[in-house]
Amino acid sequence: MELRQLTSESERRIFFERMEEARAKRGAGFRERRRSSLAKIHREYGLLYGLFEHDDDPPDQMMSGFVMHDVASYPQSYPRPDLSHLPARSVFEGGELWSFAKGAGLLAQHGALIVAGLMQIQALLVYPIVKPSDQSGPYARSNFVKAGDPIAWPYGETTDGGEVWVQPMVLEGEALANVVEAVFGRGFTTSDSMRRIRFDNPFPIQPTLSRPAIPIEQHLGTVASAAFHGHEVNGDAQA
C-alpha cells in the first residue's frame, strides 16, 4: 500500500472529485452549505493524502483519502476546543475521510497515524457527526476525549436542509503516543521527503476498487477494536 501526499493542482482536484463521488454513492446524507468555503480552504491549503494499492497507480485510482492541517497553518475549523496549551504546529485537525473500497478507509487511517508520528503531532482533533447519525461512539472507545458539548456545524447541512451537529473530540498525550508506537511497530518506508509512505496491509481484508466501501461508522468500529488497543487508528475527522 502507498499513502501519497497530493501536491499538484490536478491531484488535489481529483481527490475532491473522488470524495464527492464516494459520498454520493454511499448516500452520506449531508452536504456543505452553499455559503461555506471550508472545503475550498481544505482543498487549497490542507495536507491531502490518497491511498493507493500500488506505487505506480495514477491519481484517479486512489481508493480512499483524508485531509489534515496543523493549526499553525490555518485555524481549526471551529474555535472549540481550546488547544492553545500546545504548540500550534503540533495540533492537527483531520477530516474529509472517504473511501471507495471496503477496507481502504481503515488503511488510510493506519497511514494517518504514521503521518502523526513522523510529524511529531501532540494532539489530533476531530469533529465526528452526532446528528442526524451518531458517529462519535467509536472515537470514544478509541480514547478520543469529548471536548465540550456538541456543536451545530455551521458549514454543513443535511440533504433536506436540516442542521448537522458534531462532537469535538481530541486524542493527545499518552493515548496518542501509545497508538503511534503500535503503528510504527508494524513497519513502513518513506520516500520523496516523506510524501510517500509505503506499508504492508496489516489487516485481513484486501481492498479493491471492484468492491464497494462500507459506511464510515463501520470503519471506525473496526478501528476502535484494533487501533488504540495495539494496532492502528484513524486520522480522520468530520464526516
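**Note on the predicted model**

1. The protein chain holds six helices and 13 strands, where helices (H or I, at least four residues) and strands (E, at least two) are DSSP runs numbered from the N terminus. This is a predicted model, in which local features need pLDDT of at least 70 and side-chain atom pairs count only at pLDDT 80 or more, while totals for chains, interfaces and linings use all residues. Residues are numbered from 1 along each chain as its sequence is written, and side-chain values use heavy atoms, with hydrogens and water left out.

2. Of the 239 residues of the protein chain, 51% count as buried; buried means under 20% relative accessible area, exposed over 50%, and partly exposed in between (1.4 Å probe, protein chains only). Among contacts (heavy atoms within 4.5 Å) between residues at least 6 apart in sequence, 79% join residues at least 24 apart.

3. Strand β1 (residues 2-6) is mostly covered, with five of its five residues buried. Glu2, Arg4 and Leu6 point one way from β1, Leu3 and Gln5 the other way. In a regular strand the side chains alternate between the two faces of the sheet.

4. β1 pairs with strand β3 (residues 47-52) in the antiparallel sense over five bridges; two strands pair if DSSP finds at least two bridges between them. Phe52 in β3 is the bridge partner of Glu2. β1 also runs antiparallel to strand β13 (residues 196-198), joined by three bridges, and there Leu3 stands opposite Ile197.

5. An open sheet of four strands has the order β2-β9-β10-β7, with antiparallel pairing. β2 (30-32) and β7 (129-131) stand at the edges with a single partner strand each, so one side of each is left without a neighbour in the sheet. Within this sheet, β9 (residues 151-158) and β10 (residues 163-166) pair over three bridges, and Glu163 in β10 is the bridge partner of Glu157.

6. Helix α3 (residues 104-118) is largely enclosed by the rest of the structure, because 14 of its 15 residues are buried. Gln120, which follows α3, has a positive phi, near 55°.

7. The axes of α3 and helix α5 (residues 173-184) come within 9 Å and cross at roughly 110°; axes are lines fitted to C-alpha atoms, for helices over the stretch in contact, and angles run from 0 to 180 degrees between N-to-C directions. The two helices α3 and α5 are therefore roughly perpendicular to each other (65 to 115 degrees; under 35 counts as roughly parallel, over 145 as roughly antiparallel and the rest as oblique). His110, Leu113, Ile114, Gly117 and Leu118 of α3 make the contact with Leu176, Val179, Val180, Val183 and Phe184 of α5.
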